[in-house]
Amino acid sequence: MVVPGKKQKDLHIAPMLDVSTPEFLNLFRILSKRAVLWTEMVVDETIMHTQHLDHHLAYSPELSPIVCQIGGRDAESCSYATKVVERYGYDEVNLNIDCPSSRVSGERKFGAILMKDCIAAYSTVEGMCSSVENVPVSVKCRVGIELEDGEILDTFEHLVGFIGKLIEKGCKKFFIHARKCVIGGLTPAQNRIVPPLNYPRVFDLCNHFPDCEFIINGGISGLAAGKLLCEGSGDPTVMPTSVVNEIMLRKEIDESMELTTDYTTKLVHSVPCDICNQTNGGCIAAPIRSPDNLNGCMIGRACMENPAMFADVDRFWYSEETNPCENRREVLEKYCLYLEQIYPRRCCDDDERKTGRLPAPEVKMYTTGGCSICKEFYGEGEQIGMNESLNTARFVQKEKIASGAIGRSLKPIRGLFFRLRKGKQFRLECDRLNKDATIRNCGPGYILRKVMHTMPDELLDQPFVKTEDLTEEEVPVHVAPVNCRGSCR
């Protein structure tokens, strides 16, 4: 519950390449009315030069609050991109100084590499901040960086200097991925689990810059873990099980030697951390009292693996009385309606254009109901101005909805039955029908309805589990390899 007079701490849904699509964002807005959504990173040059801007900046007011993340290193082009993003209606513009991929930080020289190329970072942020009128500009970065040539910039002093200069250029809000980034030595996926988490550095950063906002990111398994970080444990004994076990062991040793130790002050969390007992030496302990300017947390991969967890965001995180949906049937019904709106059926028209990326072409349908295939859900309807020489069978034979549109539509909901019986069946049925070209023109909404039809009613209508009642198996956790302690290469 939020303390009166204290600022609400937000839950952010991380920007993820090939995940944070418009379809994904709309699913999560169905799950939560309050969580802050993020787009995929959009490159500044794309915004400057594309002839199909709506494909990249698909925006609707219903998605608010939503942040648009851009990538780039040129002050002029990023300033232009920032103005465009603001015109579209996004609530915030974020600069990516976090991405470790070889294409971004290697070839294109933006993303995480800007923590080394600081001059470019400073000028870019200054240009962005000076170009906006009513929306904030924020930065997402790491706590440090390790370069391909072996240079390591992974100290609190370097981070303070970097953030301090960005503050001078006008930025007051920072999303901190609590790991260093290894350029060249690790893949993007490895960079999300191998470098040790360093939560204490984020908390120290908050205390060093009390007038700025910070949001913590990295390794946060679910809502309960995120809330504990943002609010603080309030009790030094509220720690990960491994930490408690370590305390008890040390107390037993001291008692046998008739020693007295204050374990609330003696045990110090740092990286590498022997207390948290992570395979890579990371430190994941929540503070006893969270900094006042730690204004939220960001969760990423868990959203893709178990989206059902986030059906409890509004109640558990924001203290709303109820959540938008009580069960999976409600979520999927609303998502079907959304898909049927943005990807209308193409089984009953003679338009030669193809539905691929958004926005889909507007076409004239020759029936008020469904075709011979999809009438099971949409009814038979009446023909409207249809030439006798034209028939629905001919329309169905020609593929008018691209397989990519079907795949993007089904991908966000594949994990909705995570760890439930029939969950694998749900995923396999999504994959099977995604490949069935004979029904593709009936649209992704129809295909999802067919998938739902294969699931037991008791599963579809089963209430979502409250966050407090989730088991460990129901919360996805990404663990570093056991042999990576002390080395990230």
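Is Cys-99 buried or exposed? In this predicted model, Cys-99 has a relative accessible area of 19%, and because the limit for buried is under 20%, Cys-99 counts as buried. The sulfur of Cys-99 has its closest cysteine partner in Cys-181, at 7.9 Å, which is too far for a bond. A disulfide is a covalent bond between the sulfur atoms of two cysteines. Cys-141 is likewise in no disulfide, with the nearest cysteine sulfur, that of Cys-171, 9.0 Å away. Cys-141 is buried too, at 0% relative accessibility. For the structure as a whole, the number of disulfides is 0.

Empty space comes next. Rolling a probe the size of a water molecule over the atoms shows where such space is left. How many cavities of 30 Å³ or more does a search of the whole structure find? The search finds 1. About 40 Å³ of space lies in the largest cavity, and its lining is made up of Val-19, Phe-24, Met-304, Lys-411 and Pro-412. Sorted by class, that lining has 4 nonpolar residues, 1 charged residue and no polar ones.

Two or more lining residues come from each of helix H1 (22–31) and helix H15 (328–342). Helix H15 gives the most, with 5 residues. The pocket lining divides into 12 nonpolar, 3 polar and 6 charged residues.

The backbone has some points that deserve a look. Most residues other than glycine have a negative phi, and most peptide bonds are trans. The bond from Ser-64 to Pro-65 is cis, with omega near 0 degrees. Pro-65 sits in the loop that joins helix H3 (53–56) to strand E4 (66–71). A cis peptide bond also runs from Leu-358 to Pro-359, where omega is near -5 degrees. Pro-359 belongs to the loop between H15 and helix H16 (375–378), and H15 is the helix that gives the most residues to the lining of the second largest pocket.

Which residues other than glycine have a positive phi? Asn-277 is one of them, with phi of about 60 degrees. Asn-277 is placed in the loop between helix H12 (263–266) and strand E10 (294–299). With a relative accessibility of 56%, Asn-277 counts as exposed. Lys-422 is another, with a phi near 75 degrees. The loop that holds Lys-422 runs between helix H18 (403–410) and helix H19 (423–434). At 36% relative accessibility, Lys-422 counts as partly exposed.

Definitions and conventions
Residues numbered from 1 in each chain as written. Predicted model: local features only at pLDDT ≥ 70, side-chain atom pairs only at ≥ 80, totals over all residues. Heavy atoms only, no water. Helix = DSSP H or I, 4+ residues; strand = E, 2+ residues; numbered from the N terminus. Nonpolar A, V, L, I, M, F, W, Y, C, P; charged D, E, K, R; others polar. 1 Å grid on protein atoms, 1.4 Å probe; cavity = no way out; pocket = protein on both sides within 12 Å on 5 of 7 lines; lining within 4 Å. Points joined across faces, edges and corners; volume = space filled by probe spheres on them. Buried < 20%, exposed > 50% of the residue type's maximum accessible area, 1.4 Å probe, protein only. Disulfide = S-S within 2.5 Å.
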